[in-house]
Amino acid sequence: MDYHNLTGQAKMELNYKKENTIVISDFHLGSKRSKAKKLGNFLHKLLDNPPYRLILDGDVFELWSTNYKNIEADEHRVIKLVAALSEKGTKIVYIPGNHDRAFRAFFEFTFGKIKMRNEYVIRHDHKKYLVMHGDEFDAFTRNHVVISILLDQLYIVLVKINSFLKLFSRSKKSLSAEKHSKKYAEIVSRIRILATSYARSRKMDGIIIGHSHWPELLADPDGVTYVNSGDWIDSCSYVVVGDTLSLEYYNE
Ligand SMILES: [Mn+2]
C-alpha cells in the first residue's frame, strides 16, 4: 500500500472556511532550510479571512542549531502575522515540538491570547481530534535526545557537504531522496501506527501530528483518521479541521 498518498492539489487559493481550525507545523525558523517567506505569505492570506483557530504544532523554532543570523525579516514577519491573526480574533495554540522543547516548560501558560499546550483536543460536531507534535511516538528521538541533537547537527553538515559536492559532480542522489528512503519510510510507519493506536485508546476520532515531515491523510471511516501536517521546508502543507479533515498544499 502506498501510504504516501498526497491528498489535495497545490493551489493558489486557500481551501478552508472561517469557522475551521488550521494546523501547521515544523517551520524550523532559524534554520536555513525553513521557508519562512512562503509561510509569511500564507499567514498573510489567512489574515484576509481569519480562521476560527490556528494551531502551531511544534518545531516552530529551530533551537537545536539556530544560527541567530538566520532570524531575519522573514522570520520576524511570521511572528508578527501570528500576533496579527490573534488580534483579529483567531485563537492561537502553540504546541512545542522536540526542536523547540525549551518552551515545553510553559505548557500550561497562556501568553496574552496565545495558549501553550503539550497537546490539544479539537472538538467539532461531536468529533474529537487530538493534536500533538508527534515526537512522543518516535522512540529514538525520545530516548536519545543528545544523539538526536548530534545527528541533527550532522545532518546540517551533510547538507552543506552535499551541496558542496554537487558543485563538482552530477550525482542525482540527493539528501531529499534519502529522506524518502526505505528506512525513513519504516520510521514514519512506526510513528503512524503508534499515533493511531494512542488516539484509539483515548477514544479520539482522529489524530493530527507533525514531526516526521511526511504529509499524509489516512481516513478510516470506522476508526481513527491519521493526519500528518508535513512541514514548511518541503511540502508547505496545512491541515483543515471542519466538517471533514483535509490536507492542503500551499503554492504561490
Ligand atoms: Mn519534531
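Two residues are in contact here if their C-beta atoms, placed from the backbone, lie within 7 Å. Keep that in mind, as a lot of what follows is about who touches whom.

This is a predicted model, so local features need pLDDT of at least 70 and side-chain atom pairs count only at pLDDT 80 or more, while totals for chains, interfaces and linings use all residues. Residues are numbered from 1 along each chain as its sequence is written.

## The overall picture

The protein chain has 6 helices and 13 strands. Helices (H or I, at least four residues) and strands (E, at least two) are DSSP runs, numbered from the N terminus. A residue is called buried if 20 or more other C-beta atoms lie within 10 Å of its own, exposed if 12 or fewer, and partly exposed in between, with C-beta atoms placed from the backbone. By that count, 38% of the 252 residues of the protein chain are buried. If you take the contacts in the protein chain with a separation of 6 or more, 71% come from residues 24 or more positions apart.

What covers the buried residues of α1? Their cover includes α2 (73-87) and β13 (245-250). The buried residues themselves are A36, L39, G40, F42, L43 and L46. Seen down the axis of α1, they fall within an arc of 160°, so they line one face of the helix; the arc is that of the directions from the helix axis to the C-beta atoms. Here's the general idea behind that: an α-helix has 3.6 residues a turn, so residues three or four places apart point the same way.

Now for the core. A nonpolar core is a set of buried Ala, Val, Leu, Ile, Met, Phe, Trp, Tyr and Cys residues joined through C-beta atoms within 7 Å. The largest one has 52 residues, and I22, V23, Y129, V131, I207, I208 and V239 touch the most other members. Helix α1 (residues 36-48) gives the most to this core, with 5 residues. Take I22: leaving aside its neighbours within four places in sequence, I22 is in contact with Y16, P51, L54, Y238, V239 and V240.

V240 also turns up in a strand pairing, where its bridge partner in β13 is S246. Strand β12 (residues 237-241) pairs with β13 in the antiparallel sense over 5 bridges, and a hairpin of 3 residues joins β12 to β13. Two strands pair if DSSP finds at least two bridges between them.

β7 and β8 run antiparallel and are joined by 5 bridges; V121, for instance, has L130 in β8 as its bridge partner.

Which residues of α6 are buried? They are V188, I191, R192, A195, T196 and A199. Seen down the axis of α6, these fall within an arc of 130°, so they line one face of the helix. They pack against β8 (127-131), β9 (206-209) and β11 (225-228). On the other side of α6, K182, K183, E186, I193 and S201 are exposed.

The expected span of a helix is 1.5 Å times one less than its number of residues.

| Helix | Residues in helix | Expected span | End-to-end C-alpha distance |
|---|---|---|---|
| α1 | 13 residues | 18 Å | 19 Å |

## Two loop residues with positive phi

D26 sits in the loop between β2 (21-24) and α1. Its phi is near 55°, a positive value in a residue other than glycine. D26 is buried, with 29 other C-beta atoms within 10 Å.

K203 is in the loop between α6 and β9. The phi of K203 is near 60°, again positive in a residue other than glycine. Is K203 buried or exposed? K203 is exposed, because it has 9 other C-beta atoms within 10 Å.
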